[in-house]
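Here is a short note on the charged pairs, for you to read beside the coordinates. Please check each point against the view.

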Amino acid sequence: MFSAVWNFVKRHKRKFIFTGAVVGGVYLLGRYAQKKMRDIGEREAGEYISQARRQFHFESNQRTCNMTVLSMLPTLREAIIHQLNSESLTALLKTKPANRLEIWEDLKIISFTRSIAAVYSTCMLVVLLRVKLNIIGGYLYLDNSAGGAAASSMAPPEVQQQYLSSIQHLLGDGLTELITVVKRAVQDTFGDVSLKHSLSLSELEQQVSWVRAQVEGGSSTDPGAPSPRPLTWYMMADEESTLADQACGLTENDVLTVKLLNETRDMLESPDFNLVLNTCLNRGFSRLLDNLAEFFRPPPGNSSPIAAADSLAEVSLPLAKIIPIINGQINTICSETPSYFVQDLLMIEQVKEFAANVYETFSAPQDLQK
């Protein structure tokens, strides 16, 4: 019996060898496939955890952005009021001086200038902090992800402090220059408007749009007026005044700070940033006019919404009555208590998307950015 079996095996030796090879190959292939599937599963799980950690860090960073904006608004408000002190003029008017008309004219220009400058600077503060804190946030995520594997930190505390302190340009020299430009535009637009002249809300909106056109596009009636600067100039100092000017003596932290500032400037000069800033400005000025509209409403008693809207369009107020209204708007615009004005800016979808793109760019591993 065994002899017959052996003879059968010998006759079909090649078939047995082939079959064994196939079975063995299938077995090995199965083991290999299982190992690859396990590796892929582990990699996908690792990527999922990494993405979840990254998303959590991003969301936490956005909350930090919002809180930082709110915490800086009182400083911004005080800086504007310091340069455009209408309170002293109001107090002076109460004494009924001989040059009362002249003081009213000054109050007119200062009141409009400080509220319009407040809208500009608040919008700039919101978008600039979004850029800065998401650049820093991205680098901090990379530092935390690398743990002790990184040769050196990409954003050590000293660099963070030095980099973020550059926001003082917007609160200092940048704000001063912005106020100068806005004041010139307000003078061109409202200078010849009599205090007794009545304006409807739509006419007031048109006047404000003329101020914006001059500030943003340089459409001044004064041929001797300087060429307009891009709005980004008010947010960051000229390159000549950065640390990069120092020919020698730059520390490693200085070099990192210059790198961050240059990356920020690149972001501020991008079309996407200008689109986001313009969206914020449109929303900000729309909210300002909404606030002013409350004072143009006719007395209570008309219950028809359509009639009320028509009445609002027909209401006009003397400029002298509009001045104290516009003068007080800075307290709403630059309020550290979340107001509708600031909430509107913080919740703009384009701002959120731009912030996500900035964070995505700077939280990606360096080899993927190249």
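**Salt bridges and their burial**

1. Start with Glu-105. Its relative accessibility is 26%, so Glu-105 is partly exposed. Keep in mind that this is a predicted model.

2. What does Glu-105 pair with? Its side chain forms a salt bridge with that of Lys-108, at 2.8 Å from N to O. Helix α4 holds both residues, three apart, or about one turn of the helix.

3. Next, look at Arg-114. Its side chain meets that of Glu-87 in a salt bridge, with an N to O distance of 2.9 Å. Arg-114 belongs to helix α4 (residues 100-146) and Glu-87 to helix α3 (residues 86-93), so this pair ties together parts 27 residues apart in sequence.

4. Is Arg-114 buried or exposed? Arg-114 is buried, at 1% relative accessibility. Glu-87, by its relative accessible area of 38%, is partly exposed.

5. Then turn to Glu-294 and Arg-297. Their side chains form a salt bridge at 3.4 Å, N to O. Glu-294 is partly exposed, at 48% relative accessibility. Arg-297 is partly exposed too, at 44%.

6. How many salt bridges does the count come to? The count is eight. Among them are Lys-108 with Glu-105, Arg-114 with Glu-87, and Glu-294 with Arg-297. As background, side chains of opposite charge can pair when their charged atoms come close.

Conventions:
Residues numbered from 1 in each chain as written. Predicted model: local features only at pLDDT ≥ 70, side-chain atom pairs only at ≥ 80, totals over all residues. Heavy atoms only, no water. Salt bridge = Lys/Arg side-chain N within 4 Å of Asp/Glu carboxyl O. Helix = DSSP H or I, 4+ residues; strand = E, 2+ residues; numbered from the N terminus. Buried < 20%, exposed > 50% of the residue type's maximum accessible area, 1.4 Å probe, protein only.
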